Amino acid sequence: MHSLESNGWIAHFNGDFSGDVELRAPGTPTQVTSVPFTVLQEIVAEKVRRDRIAALEEASPDELLR
């Protein structure tokens with residue numbers, strides 16, 4: 001298991017990103033929520049998709065042709 005802490009949140013996950021991710025909210029040392037990695041992956045992929053679409057929509061002609 002690997003661990004990552006960000007803004008008080010703690011995530012425990014398999015190094016190959018298989019299986020569930022255990023999340024612990026800030027200030028809750030004992031409560032753990034288990035989330036399938038694929039759910040987190042889909043959420044992050046949607047954020048990336050939306051950011052890329054916005055960047056394309058706001059790009060100048062020169063930026064689009066690079």
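Me: Let's start with Phe13. Why is Phe13 called buried?
Reply: Keep in mind that this is a predicted model. Phe13 has a relative accessible area of 15%, and buried means under 20%, so Phe13 counts as buried.

Me: And Phe17, what makes that one partly exposed?
Reply: Its relative accessibility is 42%.

Me: Why is the pair of Phe17 and Phe37 called tilted?
Reply: The ring centres are 5.3 Å apart, and rings pair if their centres lie within 6.5 Å. The planes sit at 40 degrees; stacked needs under 30 and edge-to-face over 60, so tilted is the label for this pair.

Me: What parts does that pair tie together?
Reply: Phe17 is in the loop between β2 (9-13) and β3 (20-24), while Phe37 belongs to helix α1 (residues 37-58), so the pair links parts 20 residues apart in sequence.

Me: How many aromatic pairs are there in the whole structure?
Reply: The search finds 2. Phe13 and Phe17 make a stacked one, with 5.3 Å centre to centre and 5 degrees between the planes; that angle is under the 30 degrees for stacking. Phe13, Phe17 and Phe37 form one aromatic cluster.

Me: How does the radius of gyration of the protein compare with a compact globule of 66 residues?
Reply: The protein has 17 Å, whereas such a globule would be near 11 Å. Along its principal axes, the C-alpha trace spans about 50 × 25 × 15 Å, and 9% of the residues count as buried.

Technical notes:
Residues numbered from 1 in each chain as written. Predicted model: local features only at pLDDT ≥ 70, side-chain atom pairs only at ≥ 80, totals over all residues. Heavy atoms only, no water. Rg over C-alpha atoms; globule rule 2.2 N^0.38 Å. Buried < 20%, exposed > 50% of the residue type's maximum accessible area, 1.4 Å probe, protein only. Phe/Tyr/Trp six-rings, centres within 6.5 Å; stacked < 30°, edge-to-face > 60°. Helix = DSSP H or I, 4+ residues; strand = E, 2+ residues; numbered from the N terminus.
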